[in-house]
Amino acid sequence: MELLVVLLIIVLAFSGWLILRHFTRPAQKPEPGRKPSAVITLTRPDGSTDVRDVRPNADGGSFDEWVAEQQEKARRIRSGGPAKIAAVHLEEGLTRVDLRGLPSSRFRIVGTAHWVTDAERRTYSAQEYELVREPNNEHDTRAVAVYGRGRKVGYLSAAKAAGLAPELDRLGEAAFVVGGDSVTEHSIRMWVDIPRLPALRAFRAN
């Protein structure tokens, strides 16, 4: 009987220790500079699936740009390969409005895989781009396309376009000239300088 009592005390003590340890354990924090991981499931045309643990890269850029990049990669996997390239050129005679004098921030051009091949990126990337509104875009009526050297190379991310579109519409139909950066020896990403909204709101075209 005494042995049973001793065993019961040991079991109760161990259980109490486990409970105490559970409630006093410090919460795990994500590593500095890294966002929590996320799991996505991609379905291929043949019905097979690919479950991936993804997280934003630590090489700069906003979170909505990272989301756009992940969506682009998912579309490529679902379609069974790289996106079909569509060569679209800037409409001739479109009025040019120069916004390069406005304060701006640099962001990655998204969706480039649909408009230029990897080999064409160096040809059509530049330090100068044109922004063109696409109010009739079937996917997003606030879409803002980016043209480099007269050819469409991609879009602003949906989040950036949503804020910029009303101000571009106010200025009228035009090709809005902005700065940017081309691909480098180590990266095929293309970057565009987006005017900051307060400066754009105060801007008046000549």
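How much accessible surface does the protein chain have, and what share of that surface belongs to carbon and sulfur atoms? The total comes to about 13,200 Å², and 56% of it belongs to carbon and sulfur atoms. Accessible areas here come from the Shrake-Rupley method with a 1.4 Å probe, and for residues only the protein chains shown count as cover.

Hi everyone, a quick word on ground rules. This is a predicted model, where local features need pLDDT of at least 70 and side-chain atom pairs count only at pLDDT 80 or more, while totals for chains, interfaces and linings use all residues. Residues are numbered from 1 along each chain as its sequence is written, and side-chain values use heavy atoms, with hydrogens and water left out.

Let's start with the overall layout. The protein chain has five helices and nine strands; these are DSSP runs numbered from the N terminus, with helices (H or I) of at least four residues and strands (E) of at least two. Along the sequence, the pattern reads α-β-β-α-β-β-α-β-β-β-α-β-β-α. Of the 206 residues, 36% are buried, where buried means under 20% relative accessible area, exposed means over 50%, and partly exposed is in between (1.4 Å probe, protein chains only).

Now let's go inside. A nonpolar core is a set of buried Ala, Val, Leu, Ile, Met, Phe, Trp, Tyr and Cys residues joined through side-chain atoms within 4.5 Å. The largest one holds 27 residues, and Leu99, Leu131, Leu156 and Val192 touch the most other members. Elements that each supply at least two residues of this core include strand E5 (128–134), strand E8 (175–181) and helix H5 (197–202). Helix H4 gives the largest share, four residues. A second, separate core has nine residues, among them Val110, Ala145, Tyr147 and Ala175.

Which residues does Leu99 touch, leaving out those up to four places away in sequence? They are Leu168, Phe176, Val177, Val178, Pro195, Leu200 and Phe203; a contact means heavy atoms within 4.5 Å.

Finally, let's step outside. Leu4 lies in helix H1 (residues 2–24) and is exposed, with a relative accessible area of 59%. Together with Met1, Leu3, Leu7 and Ile10, Leu4 makes a nonpolar surface patch of about 600 Å².

My last stop is Arg149, in the loop between strand E6 (143–148) and strand E7 (151–155). Its phi is near 55°, a positive value in a residue other than glycine. Is Arg149 buried or exposed? Arg149 is exposed, at 54% relative accessible area.

Notes:
Patches are made of residues with over 30% relative accessible area and no salt bridge: like charges are joined within 9 Å, nonpolar side chains (Val, Leu, Ile, Met, Phe, Trp, Tyr) within 5 Å. A salt bridge is a side-chain nitrogen of Lys or Arg within 4 Å of a carboxyl oxygen of Asp or Glu.
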